[in-house]
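Reader: I would like to learn how to read a few features of a model. Please take me through them one at a time.

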Amino acid sequence: MGFMSVLSFAHKLTAERLQQGGRAIDATVGTGADTLFLAKAAGPRGGVYGFDIQPAALSLAEERLRLAREEAPAALSPVTLLLHSHAAMAETVPQDWCGTVSAVMFNLGYLPAGDADKTIITEPEGTLAALEAALALLRPGGIITAVLYPGHDGGDREAAAVMAWAAELPSGKAQSIVYRQLQRSTAPYVIAVEKKKGADL
């Protein structure tokens with residue numbers, strides 16, 4: 001039995017903290033795989049917000065969610081998909097969500113769809129702003145997962161910026177870990193940040 005993929009590891013960490021009725025955010029909707037995962041985990045009494053700057057991504061996610069609802073109409077939480085950058089998270093998510101969110105997932109890089117423009121990528125500046133907003137939105141014990149892709153153009157710079165941000169978080173406010181294949185420097189990897197209980201961010 002091999003190690004988990006980075007995506008499976010991110011889902012495992014998230015599932016341990018996001019319960020039925022919980023609130024979650026998909027910071028980078030992409031094809032909607034994480035959005036659907038969060039909607040299932042939060043359940044019909046929960047809520048999910050999703051962000052992406054590409055209409056094609058939201059269309060893919062909407063179709064994925066539609067098919068899932070056809071199979072199990074009452075299994076998913078309500079999902080609000082927004083055509084916004086994740087950098088707009090702080091001013092877009094309802095104020096009453098602050099301090100109540102169980103999980104925020106980031107899957108960075110470009111839209112992994114066949115005909116997508118792969119020059120459209122997440123950028124360090126926007127991602128760091130979104131990470132700061134996500135940390136403020138988390139409940140104590142909540143988690144941020146970020147899947148990073150250093151192998152594509154610009155991905156190494158973004159990965160380094162996220163790594164530095166996570167490493168510099170005060171240990172009394174949050175703890176961070178890395179899940180990474182060490183033998184291949186361009187392999188995707190996960191950074192996870194858990195907000196400490198009693199932390200005031």
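Reader: With which side chain does the side chain of threonine 122 make a polar contact?

Author: First, the ground rules. This is a predicted model, so local features need pLDDT of at least 70 and side-chain atom pairs count only at pLDDT 80 or more, while totals for chains, interfaces and linings use all residues. Residues are numbered from 1 along each chain as its sequence is written, and side-chain values use heavy atoms, with hydrogens and water left out.

Author: A polar contact is a pair of N or O atoms within 3.5 Å; within protein, one must be able to donate a hydrogen and the other to accept it, and residues adjacent in sequence count only if both atoms are side-chain atoms. Here the partner is the side chain of glutamate 158, at 2.8 Å. A polar atom of the threonine 122 side chain also lies 2.9 Å from the backbone nitrogen of glycine 109.

Reader: Is threonine 122 buried or exposed?

Author: Buried means under 20% relative accessible area, exposed over 50%, partly exposed in between (1.4 Å probe, protein chains only). Threonine 122 has 14%, so it is buried. Compare alanine 15: at 39%, it is partly exposed.

Reader: Where is threonine 122 found?

Author: Helices (H or I, at least four residues) and strands (E, at least two) are DSSP runs, numbered from the N terminus. Threonine 122 sits in the loop between strand 4 and helix 5.

Reader: What is the strand order of the open sheet?

Author: Two strands pair if DSSP finds at least two bridges between them. The sheet has seven strands in the order 3-2-1-4-5-7-6, with mixed pairing. Strand 3 (79–82) and strand 6 (174–179) are the edges, each pairing on one side only. Strand 5 (residues 138–148) and strand 7 (residues 189–195) are antiparallel, over six bridges. Within that pair, isoleucine 144 has valine 193 in strand 7 as its bridge partner.

Reader: At what angle do the axes of helix 2 and helix 3 cross?

Author: Axes are lines fitted to C-alpha atoms, for helices over the stretch in contact (heavy atoms within 4.5 Å), and angles run from 0 to 180 degrees between N-to-C directions. Helix 2 (residues 33–42) and helix 3 (residues 55–71) cross at roughly 35 degrees, their axes coming within 9 Å.

Reader: Which residues meet there?

Author: Helix 2 brings Ala33, Thr35, Leu36 and Ala39; helix 3 brings Arg64, Leu65 and Ala68.
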